[in-house]
Amino acid sequence: MNEKIANLFAEFAQVNNLKMIEGERPLDVYYGRNEDGRLCIAVVSKFSSLLPKPTKAMEFIQRKIGQEYWRYISLLDESAKSTFFWFCDDLLQTIDAAADDKAAFQGILDRIAIWKKMFSSRGGLLSEKVIQGLFGELVFLDEYMIPKYGKEKAVKAWGGPLGLPKDYTIALDWFEVKCILATDYSVTISSHEQLLSSNPGHLVVIKVEKMPEAFNNGISNVNLIFSKIGKELNDMPEILEDFFAKVRKIGYWPDDAYDNYRYKIVDKSFYSVSEGFPRITSPSSFGDAFGKISYELLLNAIQKFTEGDQEWTKKN
């Protein structure tokens, strides 16, 4: 849960009661409960705009009070409360980062449009296995791809959510990311296409240890790494929207349930997938009766392919 925002709203039980969030920023922001008793955040500006139509989860209302326009965003679906708190935090961070009121105003319009799609895509929760894998891919995006290739190229290179064979492909280089438990001795290759390429690539293995919910040593769960990357992309609305679209493809949205899956990274390894690397290149190798094939790679059998010159693997 986004505890900072949750704690702000926790004090409000009274209907039609809003309080300004303290601090200097380009636009004033209020929070509390609207006249219907629903959780609400309001942004005040001198600019008017068209607002999206309401969804099952959120309602958008604009009112002119004096010379200012009040933009009320209210939560209609209480089951989406934790996602709403992350949205409010993102909105506040966007306003705080803006150079002036005009930039802040455009920023909130962009954020509303992006988060509306996120709320609309909410479905069932993802399994712990999927969340663990997503955590690894996002850690790799944040700690390796963005610093090395820049934000735009890194996000565009993320092809896993689109159903592409490799998790990341950029120019002729590619990366397949596996996030496994520290006690695991193998990685699962879910399709022969994951390691199939005429160009050398990389198998990236991130080992994690599952931690209790009280563990809070840095970026330890998928909600936190998602929020961190979102803030890093704050100045690039189109790339941010691409990032949000890709996590939606996976079926992710910020939810309290994912706070239970906390991880401590204990090891990161690169393996060079090139000539001689053990891999299945075609199901037809086993006869015409085979279609899709998945298999396990034993880590101790591929140690000689370890790339020791990757500085990122030395940082835990």
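These exercises work through a predicted model, each with a stepwise solution.

Residues are numbered from 1 along each chain as its sequence is written. Local features need pLDDT of at least 70, side-chain atom pairs count only at pLDDT 80 or more, totals for chains, interfaces and linings use all residues, and side-chain values rest on heavy atoms, with hydrogens and water left out.

**Exercise 1. Confidence and overall build**

Task: State the mean pLDDT of the chain, then give its secondary structure and its box.

Solution: 
- Start with pLDDT, the predictor's confidence in each residue, from 0 to 100. The chain averages 91, and 95% of the residues score at least 70.
- Next, count the elements. Helices (H or I, at least four residues) and strands (E, at least two) are DSSP runs, numbered from the N terminus. There are 7 helices and 11 strands.
- Helix 1 (residues 3–10) is lowest at 87; helix 5 (residues 151–157) is highest at 98.
- Now the box. Along the principal axes, the C-alpha atoms fill roughly 75 × 40 × 40 Å.
- Last, contacts, meaning heavy atoms within 4.5 Å. Of those between residues at least 6 apart in sequence, 69% join residues at least 24 apart.

**Exercise 2. Burial**

Task: Classify Lys-246 and Ala-171 as buried or exposed.

Solution: 
- Set the cut-offs. Buried means under 20% relative accessible area, exposed over 50%, partly exposed in between (1.4 Å probe, protein chains only). Of the 316 residues in the chain, 47% are buried.
- Lys-246 lies in helix 7 (residues 237–250). Its relative accessible area is 3%, so Lys-246 is buried.
- List its partners beyond four places in sequence: Val-155, Lys-156, Trp-158, Pro-161 and Leu-162.
- Ala-171 lies in the loop between strand 6 (168–170) and strand 7. Its relative accessibility is 76%, so Ala-171 is exposed.
- Check the backbone too. Phi of Ala-171 is near 55 degrees, a positive value in a residue other than glycine.

**Exercise 3. Helix 3**

Task: Compare the span of helix 3 with the expected value, then find what its buried residues pack against.

Solution: 
- The expected span is 1.5 Å times one less than the number of residues.
- Helix 3 (residues 101–120) has 20 residues. It reaches 28 Å from first C-alpha to last, close to the 28 Å expected.
- Its buried residues include Phe-105, Arg-111, Trp-115 and Phe-119.
- The buried residues pack against strand 3 (39–45), strand 4 (58–65), strand 5 (68–75), helix 2 (81–97), helix 6 (222–232) and helix 7.

**Exercise 4. Aromatic rings**

Task: Classify the pair Phe-175 and Phe-270.

Solution: 
- Rings of Phe, Tyr and Trp (its six-membered ring) pair if their centres lie within 6.5 Å; planes under 30 degrees apart are stacked, over 60 edge-to-face, the rest tilted. The structure holds 28 such pairs.
- Here the centres are 6.3 Å apart and the planes stand at 85 degrees, so Phe-175 and Phe-270 are edge-to-face.
- Phe-175 is in strand 7 (residues 173–181) and Phe-270 in strand 10 (residues 262–273), 95 residues apart. Both are buried.
- One sits over a ring if NZ of Lys or CZ of Arg is within 6 Å of the ring centre and within 35 degrees of the ring normal. Arg-63 sits over Tyr-72 at 5.2 Å; Lys-166 sits over Trp-174 at 5.1 Å.

**Exercise 5. Cysteines**

Solution: 
- A disulfide is a pair of cysteine sulfur atoms within 2.5 Å. The search finds 0.
- The closest cysteine sulfur to that of Cys-88 is in Cys-40, 8.7 Å away, so it is too far for a bond.
- Cys-88 is buried at 1% relative accessibility. Cys-179 is buried at 11%.
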